[in-house]
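Me: I would like to go through this model and ask what stands behind some of the labels put on it.
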Amino acid sequence: MQGYKIVHHTYYNFTQQVTLGPHELLLRPREDHTQHIQSFALRVQPDATLLWHQDVEGNSVAVATFENAATQLAIESEVILQQHNENPLDFLVADYAVHFPFTYDEDDAVLLAPYRTLEQERARNQLNAWIKTVWQASENIQTYALLLRLAQHINTTLSYRVREEPGVQIAQQTLDSGTGSCRDFAFLFMQAARCLGLAARFVSGYLYVPNLSNAGSTHAWAEVYLPGAGWLGFDPTTGEIVGADHFPVAVARLSESVPPVAGTFRGSAKSSLDVGVWVSRC
């Protein structure tokens with residue numbers, strides 16, 4: 001078990017006063033047997049009314065509403081948590097799903113159907129062709145090994161780049177350009193898994209970088225549901241299975257559904273964004 005402190009600052013600066021619409025904040029990490037929150041603090045300026053709820057995916061969402069006009073929106077969160085996922089390979093896949101391909105049992109298939117649907121069906125042919133460069137159907141392979149190979153292939157053959165633009169690249173664009181951000185790689189991996197008939201979902205959260213003091217970043221990866229093991233995380237940006245350095249905040253069937261901050265403003269002002277993330281052991 002290891003303790004971590006995560007600080008996340010988001011500042012929107014406006015050239016003149018604006019009226020802020022409601023903002024949805026996905027900043028409180030998820031809790032389960034691998035991750036436990038000891039304390040969480042959320043500060044918003046200008047003063048806001050916060051209404052918390054749990055969405056359909058089980059994410060903790062705070063909706064901030066504002067009464068006063070402002071020239072800056074400041075959102076600061078600080079969380080201290082205990083991470084128990086020190087051995088991410090400590091799982092057992094159900095016997096019938098150890099080797100690929102397999103078929104989900106009937107009850108699971110009903111619940112997992114939305115997570116097996118391609119977001120861009122027109123990408124299927126290109127994705128299938130790309131998968132064939134990684135694995136041939138004639139090869140006997142374990143399901144976990146195939147998924148890890150896909151993540152490693154993205155890591156070694158595509159170039160990572162920071163993208164300030166909002167949104168996620170479609171899979172074809174990432175493959176054609178050979179570059180993408182962590183969220184683009186996560187989406188490509190998720191779509192490839194769905195092409196294989198597997199249930200996959202998008203994850204947003206934080207990544208601890210052990211070699212840099214207090215360094216961290218918002219990050220994205222994907223999870224695939226394997227019977228017996230549950231939702232397993234794969235990070236195609238690092239080419240590894242998700243472990244103790246990953247801190248999930250929100251999951252979603254759709255890749256665009258879980259930005260940390262989402263909202264609107266009214267006014268003629270121009271805006272700029274400044275984000276800082278610090279992750280440290282404690």
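Me: To begin with the second largest pocket, what is its volume?

Reply: The model is a predicted one. In it, the second largest pocket has a volume of about 690 Å³.

Me: Which residues lie nearest the centre of that pocket, and how many line it?

Reply: The lining has 32 residues. Nearest the centre are Asp32, His33, Thr34, Asn85 and Trp231.

Me: Which strand gives the largest share of the lining of the second largest pocket?

Reply: Strand S14 does, with four residues. At least two residues each come from S11, S12 (230-235) and S14 (246-252).

Me: How do the residues of this lining divide into nonpolar, polar and charged?

Reply: There are 12 nonpolar, 13 polar and seven charged residues in the lining of the second largest pocket.

Me: What is the volume of the largest pocket, then?

Reply: The volume of the largest pocket is about 1200 Å³. Its lining consists of 39 residues, and Arg163, Glu164, Arg183, Thr218 and Pro260 lie nearest the centre. By class, the lining divides into 20 nonpolar, 13 polar and six charged residues.

Me: Which helix and strands each supply at least two residues of that lining?

Reply: Helix H5 (182-195) does, along with strands S1 (2-25), S10 (200-208), S11 (216-226) and S16 (271-281).

Me: How do you know that the span of H5 agrees with its number of residues?

Reply: The expected span is 1.5 Å times one less than the number of residues. H5 has 14 residues, so it should span 20 Å, and its end C-alpha atoms are 20 Å apart; the two values therefore agree.

Me: What makes H5 mostly covered?

Reply: A residue is buried when its relative accessible area is under 20%. In H5, 14 of 14 residues are buried, and on that count the helix is mostly covered. After the helix comes Gly197, with a positive phi near 90°.

Me: Why is Ile241 called buried?

Reply: The cut-off is under 20% relative accessible area. Ile241 has 13% relative accessibility, so it counts as buried. Ile241 lies in strand S13, residues 240-241.

Me: Which residues does Ile241 touch, not counting those up to four places away in sequence?

Reply: Contact here means heavy atoms within 4.5 Å. On that basis Ile241 touches Pro88, Leu89, Phe91, Tyr144, Leu148, Gly233 and Phe234.

Me: How far apart are Ile241 and Ala151 in sequence and in space?

Reply: In sequence they are 90 residues apart, and in space 8.3 Å, C-alpha to C-alpha.

Conventions:
Residues are numbered from 1 along each chain as its sequence is written. This is a predicted model: local features need pLDDT of at least 70, side-chain atom pairs count only at pLDDT 80 or more; totals for chains, interfaces and linings use all residues. Side-chain values use heavy atoms; hydrogens and water are left out. On a 1 Å grid over the protein atoms alone, a cavity is a set of points where a 1.4 Å probe fits but cannot get out, and a pocket is an open set with protein on both sides within 12 Å along at least five of seven lines; lining residues have an atom within 4 Å of a point. Grid points are joined across faces, edges and corners, and a volume is the space filled by probe spheres set on the points. Ala, Val, Leu, Ile, Met, Phe, Trp, Tyr, Cys and Pro count as nonpolar, Asp, Glu, Lys and Arg as charged, and the others, Gly among them, as polar. Buried means under 20% relative accessible area, exposed over 50%, partly exposed in between (1.4 Å probe, protein chains only).
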